[in-house]
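I opened this notebook to record what I looked up in one structure.

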Amino acid sequence: MNTLLKNLGVLLIILGTIILVLSFLFNWGDYNWLHALALGVMIAGLIVHIVISKKFIE
């Protein structure tokens, strides 16, 4: 469980990227809410990664 928590930020970034790739492959370019969701997940993943990395360093 500790390794999952340690890699949660990276996993969220990968999830956002997968959403964007699926959007491209299935031609969902007209759905702006989907792109906003992917962007939000990626930004949240970046913030979580930074916070958890600082926590494990200390």
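The entries below follow that order.

**Entry 1: the model.** I noted that this is a predicted model, in which local features need pLDDT of at least 70 and side-chain atom pairs count only at pLDDT 80 or more, while totals for chains, interfaces and linings use all residues. Residues are numbered from 1 along each chain as its sequence is written, and side-chain values use heavy atoms, with hydrogens and water left out.

**Entry 2: the whole chain.** I found 3 helices and 0 strands in the protein chain; these are DSSP runs (helices H or I, at least four residues; strands E, at least two), numbered from the N terminus. The pattern along the sequence is α-α-α. The radius of gyration is 13 Å, well over the 10 Å that the globule rule gives for 58 residues, so the chain is more spread out than a compact globule. I recorded that this radius is taken over C-alpha atoms, and that the globule rule is 2.2 Å times the number of residues to the power 0.38. Along the principal axes, the C-alpha atoms fill a box of roughly 45 × 15 × 10 Å.

**Entry 3: burial.** I looked up how much of the chain is buried (under 20% relative accessible area; exposed is over 50%, partly exposed in between; 1.4 Å probe, protein chains only). Buried residues make up 16% of the 58 residues.

**Entry 4: helix α2.** I located α2 at residues 8-25, with 18 residues. From first C-alpha to last it reaches 25 Å, close to the 26 Å expected at 1.5 Å a residue; the expected span is 1.5 Å times one less than the number of residues. Which residues of α2 are buried? I listed Gly9, Gly16, Ile19 and Ser23. Seen down the axis of α2, these buried residues fall within an arc of 80 degrees, so they line one face of the helix. The arc is that of the directions from the helix axis to the C-beta atoms. The buried residues of α2 pack against α3 (32-57), where contact means heavy atoms within 4.5 Å. The face turned away from the buried side carries the exposed residues Phe24 and Leu25.

**Entry 5: after the helix.** Asparagine 27 follows α2 and has a positive phi, near 60 degrees. I counted 2 aromatic pairs, using rings of Phe, Tyr and Trp (its six-membered ring) with centres within 6.5 Å; planes under 30 degrees apart count as stacked, over 60 as edge-to-face and the rest as tilted. One of them joins phenylalanine 26 and tryptophan 28, stacked at 5.3 Å centre to centre with 25 degrees between the planes. Phenylalanine 26 is exposed at 52% relative accessible area, whereas tryptophan 28 is partly exposed at 33%.
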